Amino acid sequence: MHEGSEEVEALGVDYERFALGELLARLVREHGIQSALELPARGEKAMPSIYSLALARAGCRVTLARPVARSLATWESLGLACQVHACQDPARSGLDEGAFDLVWDFAYLARSPDPLALLAEMRRTSRRLVLYVGVNRHNPGFACHRAAHRLFGIAWTHGRLAYMDPDRTRAIFAAVGLEPLEIGSLDAPPFPDSLGIRDTRLHLRGGSANDMEALPWCSRTVDWMRRGRVPVHIRAMHLFERLLPAVVARRWAHLFYLLACKVPP
């Protein structure tokens, strides 16, 4: 049982982690990915530094750049290994060029002080593939989320809108020498996500919802991984997502993903 002082991830995050894990596992199988770097290994309004667990379970050698230290115990508790790379600025990681089959980022690119520099670093450190998973601004929950920030006078802390639009992000990738291979929708449960209710509560509680180290997090996903069993309702939500026509998912999914490959100079 989780203590009342812990922030337990909501249903939307539970499902998001499952859908993301399914995507990452598929990409590993289809592209023969053996090594991966999460740059940086932070997160967005959830328990940080565990987004790459699915990559490790799929057999990848995982490196986490600038992870939150206390989340590393979760990796150890699941018997999954990861390398930790400390760097002050993820856009200047100091890692070797072309060191990883896949370099990926979850939502941080939009919030980076210099997203083009970070994207260039992702390209530089990748041997082949770059993956970005970002918030989809076309989701109906996104408009509600923006409205909640305005209603309560809370500054928008989630980053640049250009990196929340699949088409604009694809154009940015192409401009820096990353050829899009696959672009799609992700995290499309039967309800709109995220409406911003939980985000607003976290802000009004006294700090930024992006200050991951200020909150004691608890993830049900970790419990499910430890038991080796995903609840039926999560699998049912994933079936719903898989049955959505692509044109509908584009306007309903909370997230989108863009997989690209390096174009030779």
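A residue is taken as buried when its relative accessible area is under 20%. By this criterion Ser126, at a relative accessible area of 0%, is buried in the predicted model. Ser126 belongs to strand β6, which covers residues 126-135, and, when neighbours within four places in sequence are left aside, Ser126 is in contact with Gly98, Phe100, Asp101, Val103 and Lys262.

For the protein as a whole, 54% of the 265 residues count as buried, and the secondary structure comprises 10 helices and nine strands. Among the contacts between residues at least 6 apart in sequence, 81% join residues that are at least 24 apart.

The largest nonpolar core holds 71 residues, and those that touch the most other members are Leu20, Leu55, Leu102, Trp104, Leu131, Val133 and Phe173. Helix α1, spanning residues 11-31, supplies the largest share of this core, with nine residues.

Ser52 is found in the loop between β2 (35-38) and α2 (53-57); because its relative accessibility is 1%, Ser52 counts as buried. Pro40 is found in the loop between β2 and α2 as well, and the peptide bond that leads from Leu39 to Pro40 is cis, with omega near -15 degrees.

Most peptide bonds are trans, and most residues other than glycine have a negative phi. Against this background, two further residues deserve mention for their backbone geometry. Arg66, although not a glycine, has a positive phi of about 55 degrees, and Arg66 lies in the loop between β3 (61-65) and α3 (72-77). Asp187, likewise not a glycine, has a positive phi of about 65 degrees and is found in the loop between β7 (178-186) and α7 (197-204). The two residues fall into separate accessibility classes: Arg66 is partly exposed, with a relative accessible area of 30%, whereas Asp187 is buried, with a relative accessible area of 0%.

The cysteines were considered next. A disulfide is a covalent bond between the sulfur atoms of two cysteines, and a search of the whole structure finds zero disulfides. Cys60 is buried, with a relative accessible area of 7%, and Cys87 also counts as buried, at 10% relative accessibility. Cys218, located in strand β8 (residues 217-218), counts as buried at 9% relative accessibility. The C-alpha atoms of Cys218 and Met47 are 6.8 Å apart in space, although the two residues are 171 residues apart in sequence. Cys144, by contrast, has its place in helix α5 (residues 140-151) and counts as partly exposed, because its relative accessibility of 39% is not under the 20% cut-off for burial and not over the 50% cut-off for exposure. From Cys144 to Ser194 the C-alpha to C-alpha distance is 8.1 Å, with a separation of 50 residues in sequence.

Rolling a probe the size of a water molecule over the atoms shows where empty space is left. One cavity of 30 Å³ or more is held by the structure, and the largest cavity contains about 50 Å³ of space. The lining of the largest cavity is formed by Glu44, Ala107, Ala110, Arg111, Tyr132, Val135, His158 and Met164; by class, this lining has five nonpolar residues, one polar residue and two charged residues.

Technical notes. Residues numbered from 1 in each chain as written. Predicted model: local features only at pLDDT ≥ 70, side-chain atom pairs only at ≥ 80, totals over all residues. Heavy atoms only, no water. Core = buried A, V, L, I, M, F, W, Y, C linked by side-chain atoms within 4.5 Å. Buried < 20%, exposed > 50% of the residue type's maximum accessible area, 1.4 Å probe, protein only. Helix = DSSP H or I, 4+ residues; strand = E, 2+ residues; numbered from the N terminus. Disulfide = S-S within 2.5 Å. 1 Å grid on protein atoms, 1.4 Å probe; cavity = no way out; pocket = protein on both sides within 12 Å on 5 of 7 lines; lining within 4 Å. Points joined across faces, edges and corners; volume = space filled by probe spheres on them. Nonpolar A, V, L, I, M, F, W, Y, C, P; charged D, E, K, R; others polar. Contact = heavy atoms within 4.5 Å.
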